[in-house]
Every structure is written in C-alpha cells, then in structure tokens.
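Subject: Structure handover

Hello,

I am passing this structure on to you. Please look through it first; my notes come after it.

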Amino acid sequence: MNRRSIRFRLTAWYAVILAVTFMVVGGGVWWAIRDSIHDTIDKDLRSRLQAMRDYLRRQLADPDSGPLAEELAEQAALAPSGTRFRIAGADGRWIYQSPATRAWKPQPPDPSRLPAGGRAQTIVAGGKPVRVLSAPVSLGVVQIGLPIDEFYEMLEEFTWTALLASPLVLLLASAGGYWMSRRALEPVDRISRTAEQIGAQNLSQRLPLRSAGDELDRLSATLNAMFVRLEAAFHRITQFTADASHELRTPVAIIRTTAELVRSKPRGQEEYTKALDRILAESERTSRLIDDLMLLARADAGADGIVQEPMNLAECLRGACAEVRVLAEYGKVCLEASVPSDCTVSGDDQALRRLFLILLDNAIKYTPAGGAVRVNLAVDDSAGKRTAVVEVRDTGLGISPEDLPHIFERFYRAAKDRSRKTGGAGLGLSIARWITQRHGGEVLVESTPGTGSVFRVRLPVLSWPALPASSLLQNSPPQSTKESL
Ligand SMILES: Nc1ncnc2c1ncn2[C@@H]1O[C@H](COP(=O)(O)OP(=O)(O)OP(=O)(O)O)[C@@H](O)[C@H]1O
Ligand SMILES: [Mg+2]
C-alpha cells in the first residue's frame, strides 16, 4: 500500500477521527452512566435518611421507649436487606452500628462539617463498593450505606465491551473507508491513465465523461478544454513552421535557379546585372522574412526586448511617414498626414515605428496609382480614459468581408496572387497586432472592397497638450502639421 496515496491518507484520517470519536463518546457515556448510578442511589439514601430522622424524633419524644441501641438494632432487623447504617452521639461514640458497617472507617465524621442534607461518597468495604450518606441528626451523626457493586459490575461490563468492540468496529470501518475511497478515486486513475496516453500523435483524443455531473466529470471537462487549447496551439505551431519553410523555400529556390541559369553558359554584362539584381531582391525579401519570423518567435517566447518608456508618439508617426514617402511617390499615391506636435505614450519607439511602417506599407502597397493615404493622430477622451487614435486611411482595393476576420493571422494574405506580386509574406499585420497588444492597445480595421480601408490603432495616452475639451474628441489635434506628398 502506497503511504503517500490519497486513498491511504483518507483512510488513515478516517480511522484517526473515528478512534477519537469513539474515545470521546465512550468516555462521555461511561461518565453519564456512573453519574446516573450515583444519582439514583443518592436519592434512595436521602429518603432513608429522612425516614431515619423521623424515627429518631419519634423515639426521643417517646418516654416509654427502651434504650436507643436496642430499638435501633430492632429497626435494623426490620429494614430492607442490604440497608446498613450506624449512629454516633455528639461525643463521637457509636451508639449503634449494623454489622456490615464495622468494615467502614472507625471514626464518625464531624457533624458540624456536614451539610444539612448530608454528603454522599463511595467507599470500598470488604472489597466491595458502597455508597455512604453521612448526615447530621439531632443525636449526632448518622451514616447510611447501600452496596453498589452490582451497578459497578454493569459499568465494568460496559467498559470491557466498549474496549473490546471499538478496535473491531474501527478496523471494519477503516476497511470500509478504504474500499469507499478506492471506489471514489477509481475514475481518477482512469483519467490519469487516459491522459498519459495523449501525446503529440493523438492530441485529438479526449477523456471520457461519465455524465455523473460530479467533480471528476468537471475535472475531465476542464482537462478536455485544456487539450482543445493545446491542440489548437500545437496546430498553430506546426502550421507556422510549415508556412515559414514554404515562404523561405520560394526565394531560396529563385536565387538558386537564377544563379544556376546564369552560370550555365557565358552571358553578357546586362544579363549578369539583371540576374544579380534579382538575386539581391530575393535575398532582401528572405532576410526581411527571417527578421519577421525571428521577431514573432521572440514574441512567442516572451523575450521581445521591448522597453516601454515615455515617448512622443506624434514624432514617431511623422518619422514613419517620412520613411515611406519614397514608396508613396514610387507608387504614385498621395500621402497626407495630420499629426499634432506632441502626444506622449509609454512605449517602445522602434516597435511603434515598425507598427506604423507596416500599416503605411500596406496602405500604399494596396492602393493603386492615383489613390490617397491619409494618416491622422487624435485623442479620444470617451470611455473614461484617454486614448491616442492613429488612423491610416486609404482609397485602395479594400478587403472582402470573408478575408477581414483573418488578415491579422500569420501568413494570411487576402488575395494570394495579388500579394505574391507585391511580395508580402502575410506577417505584417500579425506583427502589428502583437506590437499594439504589447502596448496595451488594440488595432481595428474597417474596409469596403473597391473603396478603401481604415486601420485604427488605439494606445493609452500618458500626456497630451492642454486644449479645449471640444477639440479633443475629433480629429482636430493642436498644432497639427499637414504634409502633402
Ligand atoms: N490597406 C490594405 N488594403 C487592402 N488589403 C490589405 C490592406 N492591409 C492588409 N491587407 C490585406 O491583408 C493581408 C495581410 O496583410 P499583411 O500586412 O499581414 O501581409 P502582407 O502585406 O501580404 O505581407 P507582409 O506585410 O508580410 O509583407 C494582405 O495580404 C492584404 O491582402
Ligand atoms: Mg503587409
């Protein structure tokens, strides 16, 4: 038997509690029986005392009565069997002693120290217990006794029965307790055996529910819910690995085939330059992809290196706009920014810049030539807290309602062919969402296919230049600078 098992410990506790209960209850019953014996005998003795007092009063008042000792001896002979008494005078000498009382203590008790109703005590005379009531009477003192050995034998019998039966009952009860705890814990064994079998190969297996609706069913349901989460996480990881290797294979294959093709026969300068340009572009794409993958891996591992400190969000946003200006010019997209001079948030400058670059890059990338991208920073004071709202609005292709819920997922690209042309891997928005969440904010999107999209990043604000309350609510920040590109 495993001493550390719950089964063993439950049984041990059960046995200990039962033993203590037996001792307390047994002791209590023993005391109650003994008290009740004494009460009954004492009541009897007191009524005999009363009779004795009445008798003495009558005797002392009767001038015709003989010597008291003789009268008392006569009285003793008439008394019910078992009654024993003796009377001592005020001088401390015994006037009368019934034969059985000669084994008692020879000195009479001091009547002045006795209460009027008498004092009862148990003595042992001739090896047998006797209940003796000593009380003051007019003559001196009287002692009346009744043997209680039969009652004490009964008490002793009870004691022995309890002492012998208790261990037996304890043993039986403990065995029953062990059997019951074994039965109750059997499903736990079954749960742990099934759980042991669940591994990476069969993560879809679930623990059986007994439909009892008890704690163990709840435990199984909780574990099953955990397995569902684990399975989903495991699936995400395997999918991520498969997608990552797939995404990496394509540029590496392009680099390799381009190099092999160029080396297969002598080529002109122009062809070499073209091939090298292609190799360079694919290498850049690969290293960007590796950077993104590393960032997400570090984020998953909780080692992202993000340090949050007070920083000017407006300045960061303006810097990101300036960085994508060339891209916008190249794509013939008009970029407008309405950003205030100052808006302090607690954040990581580099990470937030990356977030804005991702949104701006998308907006420009997915907006055809002639379209516009508008960037805006305002503060929202509703909902009881101050939030910086960065809005990147474009007049681009928009996102279909089917794609919209998925665009923040890793490697998700709305229209795969189109994205392939633009060279994205589908990691940008998942990184954007992670950065926003890491800063205690959120990123939301609204989009109408064919009309354009709006990405809104909400971040908690530390400070914002004082301005009239009305101007806080809408997109009219103080000292806004407007850039047109
Ligand atoms: N402003 C936008 N307009 C239209 N579609 C968008 C916009 N932003 C994102 N999308 C869609 O959401 C998808 C996911 O965007 P995400 O930035 O994550 O990936 P990507 O731009 O394809 O690649 P990456 O950013 O990794 O280079 C894109 O493929 C695109 O279809
Ligand atoms: Mg992108």
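Predicted model: local features only at pLDDT ≥ 70, side-chain atom pairs only at ≥ 80, totals over all residues.

Ligand site

The shell around ligand 1 consists of 21 residues, and the closest are Asn-362, Asp-394, Ala-414, Leu-427 and Leu-429. Sorted by class, 10 of the shell residues are nonpolar, seven are polar and four are charged. Four elements each supply at least two of the shell residues: α7 (349-365), α8 (416-422), α9 (428-438) and β12 (452-463). The most comes from α7, which gives three residues.

The distance from an oxygen atom of ligand 1 is 2.9 Å for a polar backbone atom of Gly-426, 3.1 Å for one of Gly-428 and 2.8 Å for one of Leu-429. On its own, ligand 1 has 590 Å² of accessible area, and the protein covers 97% of that.

Asp-292

Asp-292 sits in helix α5, which spans residues 269-301. Asp-292 counts as buried because its relative accessibility is 15%, and the cut-off for buried is under 20%. Gly-428 is 136 residues away from Asp-292 along the chain, yet their C-alpha atoms are 8.0 Å apart. Apart from neighbours within four places in sequence, Asp-292 is in contact with Arg-354, Leu-427 and Ile-431. Of these, Leu-427 is also listed among the residues closest to ligand 1.

Strand β9

How many of the nine residues of strand β9 are buried? Eight of them are, so β9 (residues 372-380) is largely enclosed by the rest of the structure. β9 pairs with strand β7 (residues 334-339) in the parallel sense, over five bridges. In that pairing, Ala-372 of β9 is the bridge partner of Cys-334. With strand β10 (residues 387-394), β9 runs antiparallel, and eight bridges join the two. Leu-377 stands opposite Val-390 of β10. Together β9 and β10 form a hairpin with six residues between them, and Ala-383 in its turn has a positive phi of about 60°.

Arg-131

Is Arg-131 buried or exposed? Arg-131 is buried, since its relative accessible area is 9%. Arg-131 belongs to strand β4 (residues 128-136). Not counting residues up to four places away in sequence, Arg-131 touches a number of others, including His-38, Ile-41, Leu-45, Ala-120, Gln-121 and Ile-148.

Positive phi in two loops

Most residues other than glycine have a negative phi. Lys-332 is not a glycine, but its phi is positive, near 55°. Lys-332 is found in the loop between α6 (313-330) and β7, and at 59% relative accessibility Lys-332 counts as exposed. Phe-411 is likewise not a glycine and has a positive phi of about 65°. Phe-411 lies in the loop between β10 and α8.

Regards

Definitions and conventions
Residues numbered from 1 in each chain as written. Chains lettered and ligands numbered in written order. Heavy atoms only, no water. Near = heavy atom within 4 Å. Polar contact = N/O pair within 3.5 Å; in protein donor to acceptor, adjacent residues only side chain to side chain. Areas by Shrake-Rupley, 256 points an atom, 1.4 Å probe, with all protein chains shown as cover. Nonpolar A, V, L, I, M, F, W, Y, C, P; charged D, E, K, R; others polar. Buried < 20%, exposed > 50% of the residue type's maximum accessible area, 1.4 Å probe, protein only. Contact = heavy atoms within 4.5 Å. Pairing = 2+ DSSP bridges.
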